[in-house]
Amino acid sequence: MTGIRKVAVIGAGVMGSGIAAHVANAGVPVLLMDIVPEGAADRSALAKGAVAKMLKTEPASFMSPRAAKLVETLNVEDHLDRLSEVDWIIEVVIERLDAKQALYKRIDAVRRPGTAISSNTSTIPLDALVEGMPEAFRRDFLITHFFNPPRYMRLLEIVTGPQTDPALAQTVVDFADRKLGKSIVRCKDRPGFIANRLGIVWIQNAIAAADDLGVPVEEADAVMGRPFGIPKTGVFGLVDLVGLDLIPHTTKSLRAALPPEDAFHATYREMPVITKLIADGYTGRKGKGGFYRLNRKDGQKTKEAIDLKTGEYRPSAKADLPTLKEAKGPRAVLDLKGRVGDYAWTVMGPTLAYAAGLVGEASDEVAAIDEAMRLGYNWKWGPFELIDKIGGAYVAERLAKDGYAVPPILAGLNGQTFYRVENGRRQVLQAEGGYKDIVRPEGVLRLEDIKLSAKPLLKNGSASLWDIGDGVVCFEFTSQSNALDEPIMILLGKTIKLVKDKYKALVVYNEGSNFSVGANLGLALFAANIAAWGEIEKLVSVGQQTYGQLKYAPFPVVSAPAGMALGGGCEILLHSDAVQAHAETYIGLVEAGVGLVPAWGGCKEMLARWQASPKLPKGPMPAAAKVFETVSTATVAKSAEEARDLLFLRESDGITMNRDRLLADAKAKALSLVEGYEAPKPVTVTLPGPAGALAMRMAAEGFARRGIATKHDLVVAGELASVLSGGETDTLDVLDEDAILELERDSFMRLVRTEATLDRFESVIETGRPVRN
């Protein structure tokens with residue numbers, strides 16, 4: 001098998017259709033098949049309906065509508081012979097062994113020899129799945145356990161059997177890694193594999209302990225959330241997100257499959273409140289609600305939470321736990337006296353013990369178990385990383401004191417940690433003793449690894465510069481939320497001078513959750529409140545000058561965003577020679593949402609791109625109108641692919657599916673631009689003048705009449721129209737970059753002095769999102 005050029009997915013339910021969509025996101029054709037519904041006029045209705053639904057739902061399964069065209073919708077009665085066309089067949093049908101094996105016999109009769117076949121099962125052992133199947137089938141078979149939703153969840157658990165062809169399995173792994181963006185965790189053929197087996201134990205512990213200790217669900221989620229590096233949903237919010245009905249199903253399967261002596265059984269308890277919620281249709285966010293719900297009685301939206309004792313809903317109250325706020329780190333939380341500390345230990349103590357017991361059972365690798373929980377449940381730290389933070393001796397001694405069996409790998413730590421740094425390499429403890437280096441897959445370059453053995457070339461409180469080899473340096477934002485401020489601009493200016501003298505190219509990249517959420521509004525609000533208008537104007541000017549220096553530097557600049565790249569974070573992309581974006585990058589000029597206009601060159605760069613684009617008619621108005629539409633509505637691309645449609649990215653810009661490969665890909669792109677590099681030539685744009693400004697303002701007034709724009713939105717739109725039309729001119733105007741930058745700066749300063757804009761600043765700082773006033 002030389003590669004995977006076409007895929008088939010059998011089973012068009014939520015999971016199967018999501019997998020098919022993500023294969024299409026990778027640009028690979030996929031056949032999506034399901035059964036023929038009884039009495040259906042369209043025999044492929046299930047697959048067609050699944051694609052139609054995915055095109056409407058949020059969050060979107062497809063990265064662009066174009067991807068949906070790569071999914072061919074079929075049925076297993078009429079089209080099973082089409083499996084001979086594909087290189088990988090993924091089975092995602094009902095979790096019944098007899099149904100799967102019956103399907104496998106039909107697949108084997110029509111597939112090409114050497115075609116990879118995998119099951120998405122999370123509960124049935126591989127040995128059972130292939131029992132009675134021919135040797136050639138067993139050689140081509142493996143388990144590929146995706147997590148839902150497949151587009152967004154990076155974890156892929158892989159299980160191979162003793163007869164699985166290693167080369168074929170590696171072909172699937174390479175495709176899933178590079179094309180689907182998955183992080184691969186290899187598991188043993190054990191029930192539940194790693195993430196769900198451990199995750200269900202954690203969930204069961206958390207729910208039972210809240211019931212036993214009388215902890216309200218809001219308090220439980222506060223304790224089980226950020227203090228332990230777990231998303232702020234905590235555990236009850238997470239169950240609502242994934243669906244209450246999935247928990248009993250998975251628990252039932254694990255109870256049936258795991259041996260009686262497994263500690264999993266000790267965590268199990270029937271919860272009548274969950275049974276009743278499911279029976280009443282409260283299956284989580286996909287249903288009427290779950291542990292939390294929105295009560296829309298009398299036209300109001302009131303958030304309510306379930307009382308675990310009574311099973312009745314009550315108004316939800318924010319957890320008020322002063323001791324939790326004061327506790328620094330997970331160890332401090334576990335040491336708290338009273339209900340908070342008791343709850344934290346009752347949940348995490350047995351969970352960490354169970355994780356340690358999985359070494360040698362579900363996986364031989366500590367790092368694999370940590371990776372599975374980080375990616376499958378979005379934990380910031382895996383269980384062994386948490387044990388290191390808490391202290392291995394502390395965990396072992398407290399477990400023994402409470403009567404728990406202490407797993408051998410935990411009992412035998414003898415003062416060691418599971419992870420350490422030795423000679424600039426991160427190492428992990430092995431089950432048999434001793435440490436080994438953590439080795440990244442080929443083609444993966446991580447800044448966190450470079451930092452273990454290097455010091456920054458330049459550094460201040462908001463940014464750092466690192467040598468990443470081969471004459472390329474990496475500029476990293478380190479401010480809170482990677483918000484852009486004056487220290488970043490100052491260090492970027494110093495970086496440009498240094499690279500000009502000593503290096504070949506510059507990459508702008510970081511490993512935060514978001515590339516950058518834009519300018520630091522907190523500092524801007526503080527300056528405005530003390531009427532330090534000169535300081536705000538200085539920051540605008542410094543940003544404009546620095547981004548201009550970046551654009552016209554005598555070396556290639558490649559930006560490599562992931563997550564949100566908003567406002568000023570988007571503008572740095574627009575001023576780069578090239579962008580290598582992670583597929584899940586959300587790009588936009590969102591300044592209008594906080595009552596401003598882009599002022600670091602975003603308007604001028606977008607005008608230049610749209611005027612040069614063959615997508616629009618020629619002339620000054622079409623480009624100005626398009627930029628006005630995008631910027632005035634604070635439009636954000638919901639994927640890197642969509643960012644191309646909006647011209648936040650060029651067609652020549654790259655997209656990386658696997659975030660771990662982003663820095664290496666950006667470095668390679670930068671090096672490819674070095675030979676013969678010439679800085680871009682300055683541009684001029686033709687703007688439509690007063691008539692164009694009037695047309696744009698009239699469009700905004702139309703939104704106001706429909707009730708979807710406020711009075712201040714019209715003020716902002718008016719300033720934006722002024723920038724995009726060329727200001728106070730009498731005719732069509734041809735402006736250079738400096739003239740447009742001046743228009744941006746003047747409009748920005750007028751808007752930042754308004755009370756309505758400052759109110760929006762406060763709202764964004766408080767809630768994290770713009771709120772219309």
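1. Start with W379. This residue is buried, with a relative accessible area of 2%. The model is predicted, and the values here are computed from it.

2. W379 has a ring partner, W202. Their ring centres are 5.3 Å apart and their planes meet at 80 degrees, so the pair is edge-to-face; the cut-off for that label is over 60 degrees. W202 sits in helix α8 (residues 195-213). W379 sits in the loop between α17 (366-376) and α18 (383-390).

3. Now the wider count. A search of the whole structure finds 13 aromatic pairs. One of them joins Y104 and F137. The centres lie 5.5 Å apart, with 40 degrees between the planes, and the pair is tilted. Y104 belongs to helix α4 (residues 97-110) and F137 to helix α6 (residues 135-139), so the pair ties together parts that are 33 residues apart in sequence.

4. Finally, look for charges over rings. K303 lies over the face of Y292, at 4.8 Å from the ring centre. The charged end of R426 sits over the ring of Y419, 4.2 Å from its centre.

Note on methods. Residues are numbered from 1 along each chain as its sequence is written. This is a predicted model: local features need pLDDT of at least 70, side-chain atom pairs count only at pLDDT 80 or more; totals for chains, interfaces and linings use all residues. Side-chain values use heavy atoms; hydrogens and water are left out. Rings of Phe, Tyr and Trp (its six-membered ring) pair if their centres lie within 6.5 Å; planes under 30 degrees apart count as stacked, over 60 as edge-to-face and the rest as tilted. Helices (H or I, at least four residues) and strands (E, at least two) are DSSP runs, numbered from the N terminus. Buried means under 20% relative accessible area, exposed over 50%, partly exposed in between (1.4 Å probe, protein chains only). A charge sits over a ring if NZ of Lys or CZ of Arg is within 6 Å of the ring centre and within 35 degrees of the ring normal.
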